[in-house]
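My entries follow in the order I made them.

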Amino acid sequence: MNISVQMANLTQIKCDLLVVNEFEGIKTPGGGTGAVNRALDGLIQKIQQDEKFKAEFGKFLVFHTHGKIPAKKVMVLGLGKRSEFDIDKIRKLGAITARKAGDMGAKRVVSILHGAGIAGLDPAECAQALAEGAALANYKFLKYKNKEAKKLAKTDIKEFIIAEVDDKKIKKIEKGIELGKIFSMAQNYARDLVNEPGLHMLPKDLARVAQETAAANKNTSVKIYSKQELEKMGAQALLGVAAGSAHEPCLIHLKYKPKQGSIKKKIVLVGKGLTFDSGGLNIKHDESMSFMKIDMAGAAAVLGVFSALDKLNSKYEVHGIIGACENMPSGSAIRPGDVLTSMSGKTIEVANTDAEGRVTLADTLVYARRLKPDAIIDIATLTGAVIVSLGGSITGLFANNQALGEKLKKSAQATGENLWQLPLEKDYKKLIESTVADVKNTGGRAGGAIMAALFLQEFVGQIPWAHLDIAGTCYAEKDINEYTPAGGTGVGVRLLLDYLIK
Ligand code: BES
Ligand code: MN
Ligand code: ZN
């Protein structure tokens, strides 16, 4: 889908579908919608009355124009209550439009820019959200479908045009569209990686993707540490988790460095990269194992971010660290009760081999810390417990530095990603004390997401650090909202990109 802005009048532009809007409770359409209504001799108003259309958020009317204006059909989209209107609603409206246009087979769609009129929102932000919604809504993972099915499932629009008559807004809208395209492409890239079956997303595949990502982006480089190198580095925790698998682990270090002199800060992103999590010897039962190919969604988010940093001209020096491995049961697997020495020297009692993510993160966080960054942000499908607490559309946030936590919350606001901060409760630290090692990888079922975060905190030292537990939000069994279809969601990508351009 090509998204663009055109200096054009809604009543004169040719398209298959023309999208206008209306707030709830408004009797006579105004602005662009009013102009279209007049050009159609009051048809919008008439149909609205006949259909008892109240313009509740997301509801719409679609009708033929019978040649009265160049647009073949008009869609009147309900904006809902004006007091409740915000940027994420625009993202959803973009998605509703793309889905409906897809179903109708409309190839050329023209839309009014929601929010930039009487709602008074920034045209660039409105355009970005509209573009994102449109580009994220019709995402489908069709790689393993046969040709016929692929054809049937293709519902993409060719042209999505924002029509604007105010020439002062055009530049801003262009800028917003550009950001929206880059953000949503990066997110869809992450979705593809998450949706890839474990068989085709082994640790070496994650490394290959990282290399491809670095090669396709300027100012970006990558170093892959092999199993042998990890042994020399003393990354026993990561190696321990990988010990049961037939596939060798690796550590991926991506680096984006903008032009000298302009660098703001050094940020390290750490992504959990379990290409499959069977639980190991503490094996998972059937349902909970069935979708564990998603256990590299943190890594996928980091890769998604790296696919876009240079295009966005980020002023941060950004490092991306991924411990890629597979958690499998076998004769060579680690056992419950084993003790592993992490790269920092701190020893870990593996009380449960299914709490493997935090064990691999111990080594990758130590590696991250040694880069002496201004902040570390890790993103990980870490605990089932966070799903119990926050469900499928809210990511768990932890931070040892409130300023960093607040910045991420701001980016969450801007991108429509939901974050909810949970505490790093000091009193619970004793629950992860071990009798045989420095720290234990479980702290009991109660407060499980907090236990995991407290464990990670043991390895970050004093560096400002935030942890995003995306176990609940990385994968959707059913559509989560208008622009988040079932499957890998690519959560975290737009959130982190927003953070890295502000
Ligand atoms: N990868 C899982 C967490 C997870 C669960 C992600 C569901 C996505 C959906 C993690 O490695 C895990 O198994 N955690 C255990 C920890 C427990 C053994 C302390 C869990 O949450 O059950
Ligand atoms: Mn696990
Ligand atoms: Zn896991």
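**Entry 1**

I began with Asp41, which counts as exposed because its relative accessibility is 51%. My cut-offs are under 20% relative accessible area for buried, over 50% for exposed and partly exposed in between, with a 1.4 Å probe and protein chains only. Asp41 has a positive phi of about 55 degrees, although it is not a glycine. I found Asp41 in the loop between helix H1 (31-39) and helix H2 (43-50). Helices (H or I, at least four residues) and strands (E, at least two) are DSSP runs, numbered from the N terminus.

Asn313 was my next stop. Its phi is positive too, near 60 degrees, in a residue other than glycine. Asn313 sits in the loop between H11 and strand E10 (317-327). At 48% relative accessibility, Asn313 counts as partly exposed.

**Entry 1: ground rules**

I noted that this is a predicted model, in which local features need pLDDT of at least 70 and side-chain atom pairs count only at pLDDT 80 or more, while totals for chains, interfaces and linings use all residues. Residues are numbered from 1 along each chain as its sequence is written, chains are lettered from A and ligands numbered from 1 in the order in which they are written, and side-chain values use heavy atoms, with hydrogens and water left out.

I counted 16 helices and 19 strands in the protein. The radius of gyration is 24 Å, close to the 23 Å that the globule rule gives for 502 residues, so the protein is as compact as a globular protein of that length. That radius is taken over C-alpha atoms, and the rule is 2.2 Å times the number of residues to the power 0.38. Along the principal axes, the C-alpha atoms fill a box of roughly 80 × 50 × 45 Å. Buried residues make up 57% of the 502.

I also checked helix H16 (residues 493-500). Eight of its eight residues are buried, so H16 is largely enclosed by the rest of the structure. Among them are Arg494 and Asp498.

**Entry 2: the manganese ion**

Which residues coordinate the manganese ion (ligand 2)? I read off Asp277 (OD), Asp354 (O), Asp354 (OD) and Glu356 (OE), at 2.1 to 2.2 Å. Donors are N, O and S atoms within 2.8 Å of the metal (3.2 Å for Na, K and Ca); water is not among the atoms, so sites may look incomplete. The sequence spacing of the donor residues is D-x76-D-x1-E. The six donor atoms around the manganese ion subtend angles of 71 to 167 degrees, which makes the arrangement irregular. Asp277 lies in strand E9 (residues 266-277) and Glu356 in the loop between strand E12 (347-349) and helix H12 (357-369), so the pair ties together parts that are 79 residues apart in sequence. Asp277 is buried at 3% relative accessibility, and Glu356 is buried at 2%.

**Entry 3: the zinc ion**

The protein donors of the zinc ion (ligand 3) are Lys272 (NZ), Asp277 (OD), Asp295 (OD) and Glu356 (OE), 2.0 to 2.4 Å from it. Their spacing in sequence is K-x4-D-x17-D-x60-E. Six donor atoms around the zinc ion subtend angles of 78 to 173 degrees, which makes the arrangement octahedral. Four donors count as tetrahedral if all angles lie between 85 and 135 degrees; four count as square planar and six as octahedral if opposite donors are over 155 degrees apart and all others between 65 and 115; anything else is irregular. The two ions are 3.2 Å apart, and Asp277 coordinates both.

I looked up the largest pocket and got a volume of about 1,200 Å³. Of its 45 lining residues, the closest to its centre are Lys284, Leu382, Thr383, Gly384 and Ala385. H13 gives the most to this lining, with five residues.

I worked on a 1 Å grid over the protein atoms alone: a cavity is a set of points where a 1.4 Å probe fits but cannot get out, a pocket is an open set with protein on both sides within 12 Å along at least five of seven lines, and lining residues have an atom within 4 Å of a point. Points are joined across faces, edges and corners, and a volume is the space filled by probe spheres set on them.

The count comes to two cavities of 30 Å³ or more. The largest cavity holds about 40 Å³, and Glu356 is one of its lining residues.
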